[in-house]
Amino acid sequence: MILKEHAVRDYRNIEAASFRPGPQLTVICGKNGQGKTNLLESIWLLSGAKSFRGGKDAQLVRRGLPFAVVESRALSDGGEEKAYRLVIGGEGCAEAGVRPGRSAQLDGVDLGRATNLAGNFYAVVFAPTHLSLVKGSPEGRRRFVDAALCQLYPGYIAVYRRYIRALAQKNALLRDARRFEGLEELLDTFDAALAEAGGEMIRRRRDYLESLFAIASETYDSLSAGSENCSFFYEPSAADGGDLLQRIRAARPADLRAGCCTVGPHREDVGIRIGGEDARAFGSQGQQRSAALSLKLAEARQIALVTGSEPVMLLDDVLSELDGARREFLLGRIEGRQVLLTSCDAAAFHDTPGAIWEMEGGRLRQVQ
Ligand SMILES: Nc1ncnc2c1ncn2[C@@H]1O[C@H](COP(=O)(O)OP(=O)(O)OP(=O)(O)O)[C@@H](O)[C@H]1O
Ligand SMILES: [Mg+2]
């Protein structure tokens, strides 16, 4: 995958910027708070996913303006070039004739919601916030897995949404259980829906993670030069849909007491062990960083394996956090892919063959 041309308008602090990244490395440098991450974020949106920074879509629009526009051209590894256009409606967008949130066009055809872009532009983003993959709560790890699956398998998002909808309905019921007549039958209906969609989520998560984890442990091995071992494992809430239904039913008294649904894919986690110990509780800063990096590199490899397209690598401010050996390892591993990275330190890249752009106050200019 090669991003050929990228332009944004009224996107966060960027009034207007456009550039053509090189086929390999492009560095976006600049001081703090100038818009480097914003630019990378706008590229990430071409994948159809939400911002990796979290927050609402409306926050992506330049303050005080009704909408933002992102326009790009990208070439797939199959040699197919596509034109992307995203329009993001913010406050007051209706008066400007723009829908709220992210809408997309592909080669001039309206796709409706930007999530429908999934399966066209493949990218992997690695930002300092991804350290929370190891250090943070199970929710962040579930989000990582679900986002990867949404990108790889366009059908996953529908299953995921079915599950989340049934879960919200069941939780609303459980919160106020005494008020409902025929409570047991209603709960039966939601349990069946949860087991159907949940069983499918477990199946997809298991298939994906089995192969992702094998690649990630291997990557960690090379990263640490074999000095320590890192293992990742998935803890599914049930073996399959039928098993999940039984477990959900068995948990009903507990659900009624807790006032929420206590069993299912929304409670699952991924375990990470380094040298046999829980990485979240005992891993050093560097070990946690290496584990997160291994997962991200494995994600990229997995995309290439499944889709036949090398993803564009978006590295936000991560090199500054790595020591020399790991930096070299990372840059070596991403050869053969287009890489866009941000850094506060342009000097560190003067002897690299890539292009260097500077971001200052939302304005972009080429310096090398
Ligand atoms: N919707 C918005 N409208 C206008 N400005 C915004 C909006 N959202 C964010 N900003 C501004 O964008 C600025 C640049 O943010 P960005 O995170 O891209 O900086 P950066 O160059 O990556 O900095 P750092 O090196 O510190 O990571 C911030 O100062 C922020 O206030
Ligand atoms: Mg930044």
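Biologist: Let's start with a term: buried means under 20% relative accessible area, exposed over 50% and partly exposed in between, with a 1.4 Å probe and protein chains only. How much of the protein counts as buried?

Modeller: Keep in mind that this is a predicted model, where local features need pLDDT of at least 70, side-chain atom pairs count only at pLDDT 80 or more, and totals for chains, interfaces and linings use all residues. Residues are numbered from 1 along each chain as its sequence is written, chains are lettered from A and ligands numbered from 1 in the order in which they are written, and side-chain values use heavy atoms, leaving out hydrogens and water. Of the 368 residues in the protein, the share that counts as buried is 51%.

Biologist: How many helices and strands does the protein have?

Modeller: Both are DSSP runs numbered from the N terminus: helices are H or I with at least four residues, and strands are E with at least two. On that basis, the protein has ten helices and 15 strands.

Biologist: Which residues does the UniProt "binding site" annotation cover?

Modeller: UniProt positions are given here in the numbering used for this model, feature names are shortened, and annotations may be inferred rather than shown by experiment. The record is an unreviewed entry, and its "binding site" covers Gly-30, Lys-31, Asn-32, Gly-33, Gln-34, Gly-35, Lys-36 and Thr-37.

Biologist: Is Asn-32 buried or exposed?

Modeller: Asn-32 sits in the loop between strand E3 (25-29) and helix H1 (36-44). Its relative accessibility is 62%, so Asn-32 counts as exposed.

Biologist: And Lys-36, is that residue buried or exposed?

Modeller: Lys-36 belongs to helix H1. Contact means heavy atoms within 4.5 Å, and beyond neighbours within four places in sequence, Lys-36 has contacts including Ile-28, Thr-342 and Met-359. Its relative accessibility is 7%, so Lys-36 counts as buried.

Biologist: What is the relative accessibility of Gln-151?

Modeller: Gln-151 is part of helix H3 (residues 138-152). Not counting residues up to four places away in sequence, Gln-151 touches several residues, among them Trp-44, Phe-121 and Ile-303. Gln-151 counts as buried because its relative accessibility is 6%.
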